[in-house]
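Good morning, colleagues. Please look at the sequence and the model on the screen while I speak.

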Amino acid sequence: MSLRLFAALPIPDEIASSLKSVQRGVPGARWRPRENFHLTLAFFGEMTEPQAEDLDGELACIRSRPFDIAIKGAGSFGGRDPHALWMGVAAHPSLMNLAQACHRAAKRAGLKPESRRYTPHVTVAYLKKPELEKVKAFERQCALFQTPPFTIDRFHLYASLPRKDEPNIYRVEAEYPLG
(Lines give C-alpha, C1' and ligand atoms only; values in the text may rest on other atoms or scores of the structure.)
Protein backbone atom coordinates (compact mmCIF):
# COMPACT_ATOMS: atom_id res chain seq x y z
CA MET A 1 0.00 0.00 0.00
CA SER A 2 1.24 3.45 -0.92
CA LEU A 3 0.89 6.54 1.27
CA ARG A 4 0.97 10.21 0.18
CA LEU A 5 2.51 12.08 3.11
CA PHE A 6 3.39 15.60 4.21
CA ALA A 7 4.50 17.31 7.43
CA ALA A 8 2.41 20.28 8.54
CA LEU A 9 1.30 22.49 11.39
CA PRO A 10 -2.32 22.22 12.53
CA ILE A 11 -4.36 25.45 12.54
CA PRO A 12 -6.22 26.23 15.80
CA ASP A 13 -10.03 26.49 15.60
CA GLU A 14 -10.19 30.24 16.29
CA ILE A 15 -7.64 30.90 13.50
CA ALA A 16 -9.53 28.55 11.14
CA SER A 17 -12.69 30.58 11.82
CA SER A 18 -10.83 33.75 10.77
CA LEU A 19 -9.68 32.04 7.58
CA LYS A 20 -13.22 30.88 6.76
CA SER A 21 -14.35 34.52 6.94
CA VAL A 22 -12.23 35.49 3.90
CA GLN A 23 -13.51 32.69 1.66
CA ARG A 24 -15.66 34.69 -0.75
CA GLY A 25 -15.58 36.88 -3.83
CA VAL A 26 -13.89 34.56 -6.34
CA PRO A 27 -16.43 32.79 -8.56
CA GLY A 28 -15.53 29.17 -9.24
CA ALA A 29 -13.13 28.91 -6.31
CA ARG A 30 -13.23 25.53 -4.58
CA TRP A 31 -12.95 26.80 -1.01
CA ARG A 32 -11.17 24.42 1.38
CA PRO A 33 -13.11 23.08 4.35
CA ARG A 34 -11.76 24.24 7.72
CA GLU A 35 -10.65 20.69 8.64
CA ASN A 36 -8.23 20.83 5.68
CA PHE A 37 -6.47 24.01 6.85
CA HIS A 38 -2.84 23.37 7.69
CA LEU A 39 0.53 24.99 7.15
CA THR A 40 2.73 22.59 5.20
CA LEU A 41 6.33 22.21 6.34
CA ALA A 42 7.38 19.63 3.73
CA PHE A 43 5.62 17.56 1.10
CA PHE A 44 7.07 14.05 0.80
CA GLY A 45 4.80 12.47 -1.81
CA GLU A 46 4.00 8.81 -2.40
CA MET A 47 5.85 6.15 -0.41
CA THR A 48 5.60 2.63 0.94
CA GLU A 49 4.78 1.85 4.57
CA PRO A 50 8.42 0.91 5.37
CA GLN A 51 9.56 4.26 3.92
CA ALA A 52 6.89 6.01 6.01
CA GLU A 53 8.18 4.25 9.13
CA ASP A 54 11.73 5.44 8.37
CA LEU A 55 10.44 8.98 7.82
CA ASP A 56 8.48 8.86 11.08
CA GLY A 57 11.63 7.86 12.95
CA GLU A 58 13.59 10.76 11.45
CA LEU A 59 10.82 13.32 12.07
CA ALA A 60 10.59 12.18 15.70
CA CYS A 61 14.26 13.22 16.15
CA ILE A 62 13.58 16.88 15.25
CA ARG A 63 14.17 19.23 18.17
CA SER A 64 12.68 22.72 18.29
CA ARG A 65 11.25 25.00 20.92
CA PRO A 66 7.62 26.11 20.64
CA PHE A 67 7.17 29.47 18.89
CA ASP A 68 4.43 31.88 17.91
CA ILE A 69 3.33 32.72 14.37
CA ALA A 70 0.51 34.74 12.79
CA ILE A 71 -1.32 34.34 9.48
CA LYS A 72 -0.74 37.52 7.49
CA GLY A 73 -1.66 38.70 4.00
CA ALA A 74 -2.79 36.75 0.95
CA GLY A 75 -1.66 35.66 -2.47
CA SER A 76 -2.07 33.15 -5.25
CA PHE A 77 0.06 30.55 -6.97
CA GLY A 78 0.23 30.34 -10.74
CA GLY A 79 1.00 33.90 -11.85
CA ARG A 80 -1.25 34.94 -14.76
CA ASP A 81 -2.96 31.52 -14.63
CA PRO A 82 -3.64 31.17 -10.88
CA HIS A 83 -4.54 27.76 -9.49
CA ALA A 84 -4.64 28.38 -5.71
CA LEU A 85 -5.41 31.14 -3.21
CA TRP A 86 -3.46 31.26 0.02
CA MET A 87 -3.06 33.20 3.22
CA GLY A 88 0.54 33.94 4.14
CA VAL A 89 2.50 33.66 7.34
CA ALA A 90 4.49 36.42 8.99
CA ALA A 91 8.17 35.51 8.57
CA HIS A 92 9.61 33.60 11.52
CA PRO A 93 13.08 32.00 11.72
CA SER A 94 11.84 29.08 13.87
CA LEU A 95 9.23 28.20 11.23
CA MET A 96 11.84 28.23 8.47
CA ASN A 97 14.20 26.12 10.62
CA LEU A 98 11.45 23.56 11.33
CA ALA A 99 10.65 23.26 7.61
CA GLN A 100 14.35 22.76 6.81
CA ALA A 101 14.60 20.12 9.56
CA CYS A 102 11.68 18.22 7.96
CA HIS A 103 13.47 18.30 4.59
CA ARG A 104 16.68 17.01 6.16
CA ALA A 105 14.73 14.24 7.94
CA ALA A 106 13.25 13.15 4.60
CA LYS A 107 16.70 13.00 3.02
CA ARG A 108 18.03 10.94 5.94
CA ALA A 109 15.08 8.56 5.39
CA GLY A 110 16.15 8.16 1.75
CA LEU A 111 13.36 10.30 0.30
CA LYS A 112 13.55 13.19 -2.11
CA PRO A 113 11.34 16.00 -0.74
CA GLU A 114 9.88 18.67 -2.96
CA SER A 115 12.59 21.05 -4.21
CA ARG A 116 10.49 24.22 -4.64
CA ARG A 117 11.45 27.20 -2.50
CA TYR A 118 9.52 27.04 0.77
CA THR A 119 6.70 29.61 0.94
CA PRO A 120 4.80 29.23 4.23
CA HIS A 121 1.06 29.51 3.56
CA VAL A 122 -2.38 28.09 4.24
CA THR A 123 -4.26 27.17 1.05
CA VAL A 124 -7.83 28.51 1.26
CA ALA A 125 -9.03 27.65 -2.28
CA TYR A 126 -8.13 25.83 -5.46
CA LEU A 127 -9.03 27.55 -8.71
CA LYS A 128 -10.13 26.38 -12.11
CA LYS A 129 -10.06 29.02 -14.87
CA PRO A 130 -10.72 31.95 -12.53
CA GLU A 131 -11.16 35.57 -13.58
CA LEU A 132 -7.72 37.07 -12.95
CA GLU A 133 -9.26 40.37 -11.81
CA LYS A 134 -11.32 38.55 -9.11
CA VAL A 135 -8.16 36.82 -7.87
CA LYS A 136 -6.30 40.15 -7.73
CA ALA A 137 -9.28 41.72 -5.91
CA PHE A 138 -9.17 38.89 -3.32
CA GLU A 139 -5.44 39.53 -2.79
CA ARG A 140 -6.02 43.29 -2.36
CA GLN A 141 -8.95 42.76 0.06
CA CYS A 142 -6.88 40.38 2.20
CA ALA A 143 -3.56 42.25 1.98
CA LEU A 144 -3.89 43.63 5.52
CA PHE A 145 -5.48 40.48 6.98
CA GLN A 146 -3.69 39.30 10.10
CA THR A 147 -4.60 36.88 12.88
CA PRO A 148 -3.44 37.18 16.46
CA PRO A 149 -0.26 35.18 17.09
CA PHE A 150 -0.76 31.55 18.04
CA THR A 151 1.66 29.04 19.54
CA ILE A 152 3.16 26.23 17.51
CA ASP A 153 3.94 23.47 20.00
CA ARG A 154 3.69 20.43 17.68
CA PHE A 155 3.66 19.34 14.08
CA HIS A 156 2.01 16.39 12.38
CA LEU A 157 2.70 13.84 9.68
CA TYR A 158 -0.43 13.74 7.52
CA ALA A 159 -1.64 11.27 4.91
CA SER A 160 -3.55 12.78 2.00
CA LEU A 161 -6.45 10.54 0.97
CA PRO A 162 -7.91 11.60 -2.40
CA ARG A 163 -11.65 11.60 -3.07
CA LYS A 164 -13.30 12.05 -6.45
CA ASP A 165 -14.88 15.51 -6.85
CA GLU A 166 -14.43 16.30 -3.15
CA PRO A 167 -11.61 17.74 -1.05
CA ASN A 168 -8.96 15.25 0.03
CA ILE A 169 -9.16 13.89 3.54
CA TYR A 170 -6.06 14.72 5.61
CA ARG A 171 -5.49 12.08 8.29
CA VAL A 172 -2.96 12.60 11.08
CA GLU A 173 -0.52 9.67 11.05
CA ALA A 174 1.83 10.94 13.78
CA GLU A 175 2.26 13.90 16.12
CA TYR A 176 5.61 15.42 17.11
CA PRO A 177 5.56 17.72 20.17
CA LEU A 178 8.04 20.60 20.25
CA GLY A 179 9.95 21.52 23.36
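Predicted model: local features only at pLDDT ≥ 70, side-chain atom pairs only at ≥ 80, totals over all residues.

Residues are numbered from 1 along each chain as its sequence is written, and side-chain values use heavy atoms, with hydrogens and water left out.

Let me begin with the pocket. On a 1 Å grid over the protein atoms alone, a pocket is an open set of points where a 1.4 Å probe fits, with protein on both sides within 12 Å along at least five of seven lines; its lining residues have an atom within 4 Å of a point. The volume is the space filled by probe spheres set on those points, which are joined across faces, edges and corners. In the largest pocket this space is about 1,000 Å³. Its lining is made up of 32 residues, and those nearest the centre are Thr40, Arg116, His121, Thr123 and Tyr126. Two or more lining residues come from each of β1 (2-10), β2 (30-31), β3 (38-48), β7 (121-126) and β10 (166-177). These labels follow DSSP runs numbered from the N terminus, with helices (H or I) of at least four residues and strands (E) of at least two. Strand β3 gives the largest share of the lining, 5 residues. Sorted by class, the lining holds 14 nonpolar, 10 polar and 8 charged residues. Here Ala, Val, Leu, Ile, Met, Phe, Trp, Tyr, Cys and Pro count as nonpolar, Asp, Glu, Lys and Arg as charged, and the others, Gly among them, as polar.

I turn to the aromatic rings. Rings of Phe, Tyr and Trp (its six-membered ring) pair if their centres lie within 6.5 Å; planes under 30 degrees apart count as stacked, over 60 as edge-to-face and the rest as tilted. This rule gives 5 aromatic pairs. Phenylalanine 6 and tyrosine 158 form a stacked pair, because their ring centres are 5.2 Å apart and their planes meet at 10°. The two residues are 152 residues apart, with phenylalanine 6 in strand β1 and tyrosine 158 in strand β9 (residues 154-163), so that distant parts of the chain are linked. Are these residues buried or exposed? Under 20% relative accessible area counts as buried, over 50% as exposed and anything in between as partly exposed, with a 1.4 Å probe and protein chains only. Phenylalanine 6 is buried, at 4%, and tyrosine 158 is buried as well, at 7%. Phenylalanine 6 also pairs with tyrosine 170; the centres are 5.3 Å apart and the planes are at 85°, so this pair is edge-to-face. Tyrosine 170 lies in strand β10, 164 residues from phenylalanine 6, and is buried at 19%.

Next comes the core. In soluble globular proteins, nonpolar side chains tend to be buried together. A nonpolar core is a set of buried Ala, Val, Leu, Ile, Met, Phe, Trp, Tyr and Cys residues joined through side-chain atoms within 4.5 Å. The largest one has 53 residues, of which Leu41, Phe44, Leu55, Leu59 and Phe155 touch the most other members. Helix α3 (residues 93-108) supplies the largest share of this core, 7 residues. For contacts, the cut-off is heavy atoms within 4.5 Å. Beyond four places in sequence, leucine 41 has contacts that include Ala7, Leu95, Tyr118 and Phe155.

Leucine 9, in strand β1, is buried at 1% relative accessibility.

In helix α4 (residues 132-141), the buried residues include Val135 and Phe138. The buried residues of α4 pack against β2, β5 (71-77), β6 (84-89) and β7.

I close with two loop residues. Lysine 129, in the loop between β7 and α4, has a positive phi near 50° and is exposed at 80%. Aspartate 165, in the loop between β9 and β10, has a positive phi near 60° and is exposed at 75%.
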